[in-house]
Amino acid sequence: MKQTLIGTLSEGRLLHAVLIEGESGCGKKTLARLLAAGILCTGQGEAPCGECPACRKILEDKHPDVEWYGGQGSRSFHIDTIRAIKASAYVAPNEAAGRVMILTDVQNMTVQAQNALLKVFEEPPENVTFLLTCDNVGKLLPTIASRATVYRVENPSYQEGLEFLKGKMPHKTGEELSVFMRAFGGNLGWCQRGDSEDFVTLFWSCIGFLKRAGKGDEFGMLKQSAAWCEKGPVLLEALQILRYLCRNLFLAGSNAGVLCTPDLQETQEELDGAGILSMISSLEKAQSLALQNVSAALCVCQLCADIKLRQLS
Ligand SMILES: [Zn+2]
């Protein structure tokens, strides 16, 4: 994809708006930053050169003509932000020939905000490129996607990903890295979180939770998840890990080589495809409660009860 984009840039064919699609952790922001450097690069030869002052500032997030907007969380991208973007977009650049505005996680935009953004796209300010990132184009108004060039970032193959991770985390064993590669389906952003000991502990507590869930052991699930209630973000992270693990279990149902760890072998036999899908529904429900700022303890109780109830029905 980098090569395609560099080719498009060098031929001057890049449109006013580019939409980068891919799951969280796949490298959309990294790509957006590189693309911004490619657009504003002042070096010789193929852009981005990575050496000129413009490239260096952009790669360090210090360039005054590259602006970042957006954030995490449900529906957190409001129309006020679009108004700020609009006001800024029509101002002349500070030092570069143009400006780049990077809007991240635009799937969190309200419909109102998306409509306001469309208005800006209809009369695009001169020399401004909008780079948008989102996890799923389907969550946006079709009119937004149709006004942008859409690029989809895919995860690398198992071997490619493993090689990359070995370079990034040389102190980890191949087996540890392989567990993460399989668990996260090749999502390098999530795999690299495995560098932190806290994350590794959380990851294995999620494996423990799934094992209890496979047995329908509600008390066991509650005990495993008690530690997730200490800080808000931990719970959301745990729920996302569990979703990845469920996806891994589901895929392992049709391809035995895929299972991330032998610890889950038994669980995989206990839960059939329908059981895993229903668990994913329970997890989605808990995620949406957690995003609405329902207390973590309540979310966890609800999650465990919901999984148990679905198994009984
Ligand atoms: Zn450069």
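Select Asn 293. Asn 293 counts as exposed, because 11 C-beta neighbours fall inside 10 Å. The cut-offs are these: a residue is buried if 20 or more other C-beta atoms lie within 10 Å of its own, exposed if 12 or fewer, and partly exposed in between, with C-beta atoms placed from the backbone. Asn 293 sits in the loop between helix 14 and helix 15. Check its backbone too: phi is near 65°, a positive value in a residue other than glycine.

A word on what you are viewing. This is a predicted model, where local features need pLDDT of at least 70, side-chain atom pairs count only at pLDDT 80 or more, and totals for chains, interfaces and linings use all residues. Residues are numbered from 1 along each chain as its sequence is written. Helices (H or I, at least four residues) and strands (E, at least two) are DSSP runs, numbered from the N terminus.

**Two domains**

Colour residues 2-152 as domain 1 and 196-312 as domain 2. These bounds come from an automatic or database domain assignment. The C-alpha centres of domain 1 and domain 2 lie 35 Å apart.

Next, select helix 12, residues 232-252, and find Gln 240 in it. Is Gln 240 buried or partly exposed? Gln 240 is partly exposed, as 17 other C-beta atoms lie within 10 Å.

Show the largest nonpolar core, which has 41 residues. Such a core is a set of buried Ala, Val, Leu, Ile, Met, Phe, Trp, Tyr and Cys residues joined through C-beta atoms within 7 Å. Cys 206, Leu 242 and Leu 245 have the most contacts inside this core. Among the elements that give it two or more residues are helix 8 (174-183), helix 10 (197-214) and helix 14 (273-291). Helix 12 gives the largest share, nine residues.

Zoom in on Cys 206. Leaving out residues up to four places away in sequence, Cys 206 touches Ala 238, Ile 241, Leu 242 and Leu 245. Here, contact means that C-beta atoms, placed from the backbone, lie within 7 Å.

**Strand 4**

Now select residues 128-134, which form strand 4. Seven of the seven are buried, so strand 4 is largely enclosed by the rest of the structure. In a regular strand, side chains alternate between the two faces of the sheet. On one side of strand 4 you find Val 128, Phe 130, Leu 132 and Cys 134; on the other, Thr 129, Leu 131 and Thr 133.

What pairs with strand 4? Strand 1 (residues 17-21) runs parallel to strand 4, with five bridges. Strand 3 (residues 99-104) also runs parallel to strand 4, joined by five bridges. Pairing requires at least two bridges found by DSSP. Pick out two partners: Glu 21 bridges to Cys 134, and Ile 102 bridges to Leu 131.

**Two loops to finish**

Select Asn 127, in the loop between helix 5 and strand 4. Asn 127 has a positive phi of about 60°, although it is not a glycine. With 16 other C-beta atoms within 10 Å, Asn 127 is partly exposed.

Last, go to Pro 48, in the loop between helix 2 (28-40) and helix 3 (53-59). The peptide bond from Ala 47 to Pro 48 is cis, with omega near -5°.

Notes
Contact = placed C-beta atoms within 7 Å.
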